[in-house]
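Hi,

Here is the structure I promised to pass on. Have a look at it first, then read my notes below.

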Amino acid sequence: MPDWSPVPPYAVTNPIYIDVDGNGRYDAPLPRPDFCSRPCDPGVLDPAQCPAGQDCLLEEKVCGFPIPGRCDHRRPALGHRDH
C-alpha cells in the first residue's frame, strides 16, 4: 500500500449550531447579510424594513428586488403553465 494518495482525503459536514444561552434556539453572532431575504410587512410604509435598493415584495412578504414581468416559470409551487 502506498504511503501517499493522489487524492487528498477531506470531509464535509453540515454546520452544527449550539444553543449557548439556553433560550432554545441558535442566535447568530452577526446579522444576516443584505443579500438574504428578510421578512417584511407590505402594509407598513417604512423603508428601514429592507436594505437599500430593495422593496417589500407584496406577494412574498420579504425584501427583494422588484423585477417587472412574470417569473412564474421558475416557481415550482405554481406549477407549469402554457401561455
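**What I found**

Of the 83 residues in the protein, 11% are buried (buried means under 20% relative accessible area, exposed over 50%, partly exposed in between, with a 1.4 Å probe and protein chains only). Bear in mind that this is a predicted model, where local features need pLDDT of at least 70, side-chain atom pairs count only at pLDDT 80 or more, and totals for chains, interfaces and linings use all residues. Residues are numbered from 1 along each chain as its sequence is written, and side-chain values use heavy atoms, leaving out hydrogens and water.

As for secondary structure, there are 0 helices and 2 strands (DSSP runs numbered from the N terminus: helices are H or I with at least four residues, strands are E with at least two).

The accessible surface comes to about 8,000 Å², and carbon and sulfur atoms hold 60% of that (Shrake-Rupley method, 1.4 Å probe; for residues, only the protein chains shown count as cover).

Now for the charges. Side chains of opposite charge can pair when their charged atoms come close. The count here is 1 salt bridge (a side-chain nitrogen of Lys or Arg within 4 Å of a carboxyl oxygen of Asp or Glu). Arg25 and Asp27 form it, at 3.1 Å from N to O. Arg25 is exposed at 55% relative accessible area, while Asp27 is partly exposed at 33%.

One more thing to look for: Ile18 sits in the segment before β1 (55–56), and it is exposed, with 54% relative accessibility.
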